[in-house]
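Please open the model in your viewer and keep the sequence beside it.

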Amino acid sequence: MSRIFSLKDVAEHGTKEAPWTIIHDKVYNLTEFLSKHPGGEKVLAEEAFGKNATEAFEKRNHSEKARKWMKDFEIGTLGDQPKKWYQCALYQGLAVAAGIAGVAAIIGIIVSSVKH
């Protein structure tokens with residue numbers, strides 16, 4: 001089972017000695033990767049150590065090979081991220097209710113036009 005980390009956990013690993021980062025809600029330990037990174041260690045230190053590097057990672061158009069390689073350094077997932085508005089149960093419940101109301105309205109229109 002994958003470990004779950006908080007933003008605070010990752011922030012505490014923002015040094016060269018223990019560099020962690022987040023990319024697409026997955027947590028990576030970059031320790032063994034520092035010397036292998038094609039762009040060099042400096043770019044990782046500036047944009048990734050101890051923080052969410054998703055945007056920086058995507059700006060650089062990493063290859064599929066790089067994306068597969070990342071799995072070797074994955075140590076868990078981010079667990080304390082706030083949900084987006086469309087992921088909330090309240091919104092999903094309202095969307096279902098609106099859908100049901102819409103279907104009921106359409107059926108009502110069809111039934112009333114058939115009677116006339």
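Why does H37 count as buried? The reason is that H37 has a relative accessibility of 15%, where buried means under 20% relative accessible area, exposed over 50% and partly exposed in between (1.4 Å probe, protein chains only).

This is a predicted model, in which local features need pLDDT of at least 70 and side-chain atom pairs count only at pLDDT 80 or more, while totals for chains, interfaces and linings use all residues. Residues are numbered from 1 along each chain as its sequence is written, and side-chain values use heavy atoms, leaving out hydrogens and water.

Remain at H37, in the loop between β4 and α2 (41–47). Helices (H or I, at least four residues) and strands (E, at least two) are DSSP runs, numbered from the N terminus. Beyond residues up to four places away in sequence, H37 touches V43 and L44; contact means heavy atoms within 4.5 Å.

Next, select the largest nonpolar core, which has 12 residues, including L44, I23, Y28 and F57. Such a core is a set of buried Ala, Val, Leu, Ile, Met, Phe, Trp, Tyr and Cys residues joined through side-chain atoms within 4.5 Å. A separate second core holds six residues, among them F5, V10, W20 and L78.

Now display strands β3 (residues 18–23) and β4 (residues 26–29), an antiparallel pair with four bridges; strands pair if DSSP finds at least two bridges between them. I22 has V27 of β4 as its bridge partner. In the hairpin of β3 and β4, H24 takes a positive phi near 50°.

Finally, select β5 (residues 74–78), which runs antiparallel to β4 and is joined to β4 by three bridges. There, T77 is the bridge partner of K26.
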